[in-house]
Amino acid sequence: MELYRRLYVTEIRALPGGLLVETLGFRGRRRHLLRWAALHRATAPERRYSARGAVSFAVTLRRPGRRLPFIIDTTRDAFDAAGLAKLVRRRARRPD
């Protein structure tokens, strides 16, 4: 469960230097800055998951240099992966 908590995204913000991704940690929240240049093809298509009779949907966000991706729950709130890809392309061309 600890591993899942570290991967589950609670907030995403676009900053000039990259995406600020917030997850839950053992004590409080953890923040990760993913640089724009490292986010090329960072998201996977939305997938459906079934567990104990409940159905949920999620998008994964690849973390550069890490094996396991962040998990963005899209069951209630939509995630605009195409919009993110467009933002990444535009921001990656600009120097920091």
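1. The side chains of E22 and R29 form a polar contact at 3.4 Å. A polar contact here is a pair of N or O atoms within 3.5 Å; within protein, one must be able to donate a hydrogen and the other to accept it, and residues adjacent in sequence count only if both atoms are side-chain atoms. With the side chain of R31, that of E22 makes a polar contact of 3.1 Å.

2. This is a predicted model, in which local features need pLDDT of at least 70 and side-chain atom pairs count only at pLDDT 80 or more, while totals for chains, interfaces and linings use all residues. Residues are numbered from 1 along each chain as its sequence is written, and side-chain values use heavy atoms, with hydrogens and water left out.

3. E22 lies in strand β2, residues 18-24 (strands are DSSP runs of E, at least two residues, numbered from the N terminus). Its relative accessibility is 6%, so E22 counts as buried (under 20% relative accessible area, 1.4 Å probe, protein chains only).

4. Leaving aside residues up to four places away in sequence, E22 touches Y8, V9, T10, E11, R29, R30 and R31 (contact means heavy atoms within 4.5 Å).

5. Strands β4, β5 and β6 form, in that order, an open sheet of 3 strands with antiparallel pairing (two strands pair if DSSP finds at least two bridges between them). Its edge strands, each pairing on one side only, are β4 (47-51) and β6 (70-73).

6. β4 and β5 (residues 54-61) run antiparallel and are joined by 5 bridges. R48 has F57 in β5 as its bridge partner.

How values were computed. Helix = DSSP H or I, 4+ residues; strand = E, 2+ residues; numbered from the N terminus. Buried < 20%, exposed > 50% of the residue type's maximum accessible area, 1.4 Å probe, protein only.
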